[in-house]
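Hi everyone, thanks for making time for this.

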Amino acid sequence: FPFPYTPYRIQEQFMEALYAALEAGRVGIFESPTGTGKSLSLICGALAWLRDWEEKRRQEEEQLLALGQDAPSPQEARPGSADTAGQPDWVTAFVQRKEERDKVDRLKEEQIRRKKREERLEKIRQNVQLKYAAKRKRCEEDEAKRLLQLSKEALSQGAGEDALDQLDHNEEELILAEYESDDEKKVVSGLEEDDDDDLEEEHVTKIYYCSRTHSQLSQFVREVQKSPFGKDTRLVSLGSRQNLCVNEEVRRLGALQLINDRCMEMQKNKHEKKSSEENGGKKRRVSHTVCPFYSFEQMQFLRDEVLVEVKDIEQLVSLGREAKACPYYGSRFAIPAAQLVVLPYQMLLHEPTRNAAGIKLKDQVVIIDEAHNLIDTITCIHSAEVSGSQLCCAHSQLSQYMERYRKRLKAKNLMYIKQILYLLEQFVAMLGGNVNQNPGCQAVSQTGTVLKSINDFLFQSQIDNINLFKVQRYCEKSLISRKLFGFVERYGGPASAVKTNKENQKVAGLQDFLLTLQQGSDKEGNPPMEAEHEQLRAASPLMQIEGFLSALTNANQDGRVILNKQGTVAQSSLKFLLLNPAVHFAKVVEECRAVIIAGGTMQPVADFREQLLCCAGVDPARIVEFSCGHVIPPENILPIILCSGPSNQQLEFTYQTRDLPQMMDETGRILCNLCNVIPGGVVCFFPSYEYEKQVYGHWERTGLLSRLAARKKIFQEPKKANQVEQVLVEYAKCIKRCSQTGGQMTGALLLSVVGGKMSEGINFSDDLGRCVIMVGMPYPNIKSPELQEKMTWLDKTMPRAGGQAPSRVLIENLCMKAVNQSIGRAIRHQKDFASIVLLDHRYARPAIFNKLPQWIRERTQVKPAFGSAFAELRKVRTPCILCH
């Protein structure tokens with residue numbers, strides 16, 4: 001394999017296993033700890049296979065073309081005897097020859113397109129002047145368009161307005177266009193066919209690389225640029241409109257859903273404008289805003305630039321601004337010819353988004369990196385929640401919208417709007433409220449949480465006679481949420497902004513209702529709900545409701561509806577919980593040639609194998625698992641399971657015992673002793689924010705906190721995400737200052753929370769994390785209705801494993817996944833070293849111990865007493881031999 005600058009056999013093993021999995025078309029679960037060069041191994045192993053695969057395909061094509069030239073044409077077939085199926089052999093021969101000829105013709109066309117693409121890209125690489133020539137041509141065209149527009153405006157002055165149209169000119173954009181159902185849609189020339197066909201090429205065999213965040217994707221692209229394949233790999237980076245849009249008017253909307261809706265509306269305006277121009281007639285309602293960056297010629301140029309050289313999203317956006325072309329659509333046009341497509345895995349896992357982006361998975365390769373929370377991500381993507389306040393607000397907005405534009409809306413639009421209004425009424429009724437009253441004033445008689453199957457919810461809410469598939473499709477195609485948001489923006493402001501004419505008096509009810517929500521005060525003196533209403537103003541509540549309607553179209557056995565009734569209707573909510581994530585992952589593994597699920601810490605892998613793959617119908621023989629060791633030598637890590645503290649108090653942090661004063665005192669003594677001998681930074685993880693706060697308060701009262709502060713400056717993980725960076729900067733500064741000045745204080749102690757902001761994605765490398773301490777076992781809240789329903793569903797659908805019920809295995813796996821992610825924060829590169837201390841004797845149980853990562857498990861020591869553990873930690877507190 002072309003991997004010239006790494007000497008590690010571990011990376012060679014990783015690439016060999018990856019190559020074999022891709023060659024055999026497997027579904028692989030690959031684990032490679034941080035510091036082993038996982039990203040680079042994925043790049044080199046996958047692209048090496050792709051080059052070999054392309055070479056094999058080309059050789060096969062050449063052989064087929066050679067055979068096709070020598071083969072006789074179908075017309076040369078001669079009649080003969082009949083075969084066993086009753087068909088004459090000349091008919092069979094004719095069909096076979098025709099299929100061979102068609103295949104040869106397709107191969108020839110593909111070769112011609114491929115040759116043209118390669119010549120075009122090579123020309124761009126060699127002739128930089130083409131770039132500036134194209135830019136100059138675009139500037140000239142823009143100037144011509146501007147002058148043409150000015151002349152049109154000059155000619156139209158004095159022509160007068162249409163006397164039949166009494167609405168404001170700017171208000172035309174708020175009216176829904178005529179809607180036709182899919183089964184009634186007429187094929188209209190110029191609307192159904194688009195110019196996309198001119199840009200469409202054959203989808204070559206490619207690799208889809210997915211990761212969790214934008215920063216991880218950018219890091220991966222930089223690794224590709226540094227790799228041996230960086231010069232001649234056709235790579236395209238995909239992202240959301242929020243990251244790729246270069247139209248400042250659209251970017252100002254802020255919320256992702258608003259940006260999406262506005263962009264789609266602009267594309268629809270473009271099609272309507274084109275249709276109107278082709279028909280040569282004038283419509284009463286003309287399209288208004290068309291995105292200036294959505295130009296096929298400009299996006300063709302952007303597509304070629306993307307394929308010529310590897311670019312990350314930031315470079316793609318800069319190029320889009322320079323070329324005045326949309327990076328969002330331009331990158332999509334580059335997908336068919338690309339060899340490596342980099343995208344967030346939310347885009348790949350959500351089928352409507354995948355289809356809209358033009359992603360075709362048939363016989364392709366998918367690599368999902370950072371996949372330790374893949375099941376949770378799929379569940380989250382396909383779950384939805386709406387509050388009673390959102391339901392009532394959407395009903396009021398939609399009612400006022402319908403009343404204002406009733407005479408301008410077509411019958412189909414009115415029918416669907418009335419169906420949506422009925423749905424909203426019934427949803428609020430299920431929460432025990434009335435849509436015609438302020439939700440903050442309506443008290444809920446019976447509070448609590450109730451779970452229902454989808455069918456039971458539909459029957460009890462009396463909406464089982466409505467086709468939710470059609471309603472959801474209508475919401476998506478008609479852009480009603482965008483129109484409604486524009487309507488509210490126009491008429492939903494403060495009272496001083498609303499004029500007192502007859503037209504605006506029609507929406508006074510909407511304005512009054514929104515004011516009552518914004519003020520949040522009522523006769524009963526209920527407190528305002530500022531945070532929620534800020535969210536309502538940022539995006540239309542109908543957008544959330546659309547997601548909930550879409551979720552209700554899942555199969556009855558795959559999900560549950562949760563009715564969460566709180567003090568008022570506004571505080572209550574409806575939530576759809578997806579129980580079977582495999583149903584949405586099945587199509588990915590069915591269509592793809594190979595799927596690789598990779599991560600730094602994938603243990604325990606039973607969840608992926610059983611809940612995700614086996615439930616998706618993957619043959620167990622197709623699943624392959626690979627886990628490699630770490631690049632650090634064995635002496636660079638000291639994992640210890642501590643069973644008792646300095647006073648021989650057994651460490652068992654169950655819900656019944658962890659709140660005892662003696663248990664919190666024992667934890668404080670352990671930390672005091674460890675902080676006395678461990679230099680640099682110490683990170684201590686607690687099961688929850690509440691328990692961390694409780695222990696901190698207890699230490700403060702007993703004086704343990706001052707003893708700890710004498711050796712380490714204490715930092716606490718903040719709950720707010722915008723404060724995390726500041727805490728980490730101060731933490732790092734303190735450790736650096738202590739290492740330089742010396743003295744009694746030797747570093748810092750960071751009190752963190754499992755599953756919080758610092759348990760994933762944060763690098764406590766070198767002195768930032770010389771020891772990681774895990775207090776107890778972070779089991780999830782077993783009393784959670786959602787978790788109980790998931791456990792019940794698993795017990796009904798999954799077989800028992802190793803004598804344990806699937807629900808019990810789920811609880812242990814959730815706990816150990818969180819532990820493994822947290823303790824992996826310390827070792828980040830080859831020369832790093834750290835200690836890991838697990839404070840709970842239950843970690844020594846075989847069922848739990850075997851779920852630790854292999855590279856940690858095989859080096860872990862179980863210490864029944866604190867004395868022997870402390871002695872081991874003292875030996876490695878200054879590992880001079882490790883600083884090579």
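Let me start at valine 809, which is buried, with a relative accessible area of 12%. By buried I mean under 20% relative accessible area, with exposed being over 50% and partly exposed in between, using a 1.4 Å probe and protein chains only. Before going further, a word on what we are looking at: this is a predicted model, where local features need pLDDT of at least 70 and side-chain atom pairs count only at pLDDT 80 or more, while totals for chains, interfaces and linings use all residues. Residues are numbered from 1 along each chain as its sequence is written, and side-chain values use heavy atoms, with hydrogens and water left out.

Back to valine 809, then, which sits in helix α32 (residues 806-823). Helices here are DSSP runs of H or I with at least four residues, strands are runs of E with at least two, and both are numbered from the N terminus. Not counting residues up to four places away in sequence, valine 809 touches Gln804 and Lys851; contact means heavy atoms within 4.5 Å.

Now let's zoom out. The chain has 884 residues, and 52% of them count as buried. Its secondary structure comes to 35 helices and 18 strands. If you take the contacts with a separation of 6 or more, 81% are between residues 24 or more positions apart.

So what about the nonpolar interior? In soluble globular proteins, nonpolar side chains tend to be buried together. A nonpolar core here is a set of buried Ala, Val, Leu, Ile, Met, Phe, Trp, Tyr and Cys residues joined through side-chain atoms within 4.5 Å. Which residues have the most contacts inside the largest one? They are Leu374 and Phe585, in a core of 67 residues. Helix α10 (residues 296-308) gives the largest share of this core, 6 residues. The core also draws at least three residues from each of domain 1 (1-67 + 592-629) and domain 2 (214-248 + 293-361), with bounds that come from an automatic or database domain assignment. Apart from this core lies another, of 53 residues, with Val386, Tyr416, Ile466 and Val569 among them. As for leucine 374, leaving aside neighbours within four places in sequence, its contacts are Leu349, Ile368, Phe585, Ile597, Phe608 and Leu612.

On to the aromatics. A search of the whole structure finds 19 aromatic pairs. Rings of Phe, Tyr and Trp (its six-membered ring) pair if their centres lie within 6.5 Å; planes under 30 degrees apart count as stacked, over 60 as edge-to-face and the rest as tilted. Why is the pair of phenylalanine 457 and phenylalanine 548 called edge-to-face? Because the ring planes are at 90°, with the centres 6.3 Å apart. This pair links distant parts of the chain, 91 residues apart: phenylalanine 457 is in helix α18 (residues 454-460) and phenylalanine 548 in helix α24 (residues 541-551). Phenylalanine 457 is buried at 0% relative accessible area, and phenylalanine 548 counts as buried at 0% too.

Helix α24 also holds glutamate 546, which counts as buried at 15% relative accessibility. Beyond four places in sequence, glutamate 546 is in contact with Gln472, Cys475, Ile480 and Ser481.

Elsewhere, ring pairs link Tyr294, Phe296, Tyr328, Tyr329 and Phe333 into a cluster. Two arginines lie over ring faces as well: arginine 658 is 4.8 Å from the ring centre of tyrosine 691, and arginine 770 is 3.7 Å from that of phenylalanine 833. The rule there is NZ of Lys or CZ of Arg within 6 Å of the ring centre and within 35 degrees of the ring normal.

Finally, some backbone details. Most residues other than glycine have a negative phi, and most peptide bonds are trans. Glutamine 603 and proline 604, though, are joined by a cis peptide bond, with omega about -10°. Proline 604 lies in the loop between β10 (594-599) and α26 (606-614). Asparagine 648 has a positive phi, near 65°, and is exposed, with a relative accessible area of 62%. Thanks, and I'm happy to go back to any of these spots.
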